[in-house]
Amino acid sequence: MKKNHLKSPDLFPIGESGRKITPLGYSFMWVGMVVVLATFAIGGAGVMSLPLPMVLLATLIGSLAIGIFTSLTADIGIEHGLSFPVYMRAPFGTIGTHIPSVARGVAASMWFGINTYFGSTAMNGILNILFGFDNWFVCFLIFAVFQLVNTALGIKAVERFADLAAPIIILISIWMYSSLSNEAASHGREIWSWVENPVTGAAAFSAFLVVIFSNMGFWATIGADIPSISRFMKAPKNEKNWFKRNKSSLIGNLVALPLTQAFMVVIGGVSYIAVLNYDPVVALQKAASGLFLGVLLLMVVLAQWSTNIAANIVPAATIFSNVGGPKFPFWAGVITAGIVGIVVQPWELFDVIIPVLLFVGGILSAIIGILTADYYLLRKRRVNVPDLYETNGQYRYMGGVNLAGFISWIIGGAASYFVPNYSFLVGFVIGAAFYYVLCKYWWFKKYEQAEILDPSDEKYLGISVGRDWIIEGDEFETVLEEVPGSPSITME
């Protein structure tokens, strides 16, 4: 009998006993994920036309907003233990899920490449200080291999590295801020008032919006596929209060993300004010030397490593594993992510980071809108999980495709393209609205959904009614124990 390609063990739901990420552990993940070139670029681009306090305010607004959206979609993983590509079978179909999922996987791989390049320039700087070595491309390849091997060894190796990197990143970031502030002062530039080309009126408002939606656009990637991480978060069993059940997620998304993002955007702004370059590697090489410079560059390397594993390699590998089926394990997905990240030549993407953030954010925001409408408005958090793993179940739709999902995604993504300053908001609202109307009044009348016809808590809710969803072979049952062979994360 032909093996069911939907039943890959790496993608089975995570049970309550396999959820070990604590609020502190998830917050540490955010600390590591935020220290990336794109974050610094937002600050550097911002102070070209706005004073740093305005850039900081816009960053806090954008970070809190994307934190809210991320918390909404995170409940999919917390409630049901489902990863992003698996739940996407509901709004896009068992076959259709691959197209938007791969789009996210390619985006994650692209960011893996960008962050690896950024980290490799820092690694090259360290080796140049110690040994006079100067070849960033060799550093790029070595750094990429180390990250991929670390991730392929398993989720626990990822967790241990994040726990190590986060405290170091916090301490050295403060050191970096002090160093760059002194460098700016030496040039007679007051960091909280200096602006390269000040703008006022409508131009200032537009620049303010660009900062807000650049922050939202960058983290739209995590906002879309946060279930792949949140399914490992600790959550109380039999807890129907949404806020209590999502405690770990809320602390990370609404406290750790905004605070860390704001601080790193400020460092990017101060870097530009100090040496007219938002790349901290370049700024530090001009502002510091010797052991001091080496330690700061080491922080950049650790940060990119921590970021890439949690925010890019794991999500991309999960997605590629889903596309490949049971014969394409997680480690193969890791290698695929690495190859894609190198092929896109990330060293050529620096000059277009802000436009890319706004464009990608708009496309992914439509997916977040569709997920939110599907999960909360239509299914009301109840999911027929067994059928997500059945080739001929209710999510097969028309040859494995949910047309309502694709129509909504195309319209939402296209609309966001024409209003880049509002891309995330437009993509989310239009994607969600079209999906809700099309499904409620057309698609789900044609393809009935069991959890909508019979919205039973006991049948279709997960951990909030004490249920672990277990998928084994061609059988389905609900028990209160961990899935054999499923990945697990332990974060203390």
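Guide: Gladly. This is a predicted model. Buried residues make up 61% of the 492 residues in the protein chain.

Visitor: What makes a residue count as buried?

Guide: Its relative accessible area must be under 20%.

Visitor: Why is Arg-381 called buried?

Guide: Its relative accessibility is 14%. The cut-off is under 20%. Therefore Arg-381 counts as buried.

Visitor: Where is Arg-381 found?

Guide: In the loop between α16 (353–378) and α17 (385–388).

Visitor: Why is Tyr-397 called buried?

Guide: Tyr-397 has a relative accessible area of 7%.

Visitor: Which loop holds Tyr-397?

Guide: The loop between α17 and α18 (403–418). Tyr-397 also has a positive phi, about 55°, although it is not a glycine.

Visitor: How many helices and strands does the protein chain have?

Guide: It has 21 helices and 2 strands.

Visitor: How far apart in sequence are the residues that contacts join?

Guide: Take contacts between residues at least 6 apart in sequence. Of these, 85% join residues at least 24 apart.

Visitor: What share of the accessible surface belongs to carbon and sulfur atoms?

Guide: The accessible surface of the protein chain is about 17,700 Å², and 67% of it belongs to those atoms.

Terms used: Residues numbered from 1 in each chain as written. Predicted model: local features only at pLDDT ≥ 70, side-chain atom pairs only at ≥ 80, totals over all residues. Heavy atoms only, no water. Helix = DSSP H or I, 4+ residues; strand = E, 2+ residues; numbered from the N terminus. Buried < 20%, exposed > 50% of the residue type's maximum accessible area, 1.4 Å probe, protein only. Contact = heavy atoms within 4.5 Å. Areas by Shrake-Rupley, 256 points an atom, 1.4 Å probe, with all protein chains shown as cover.
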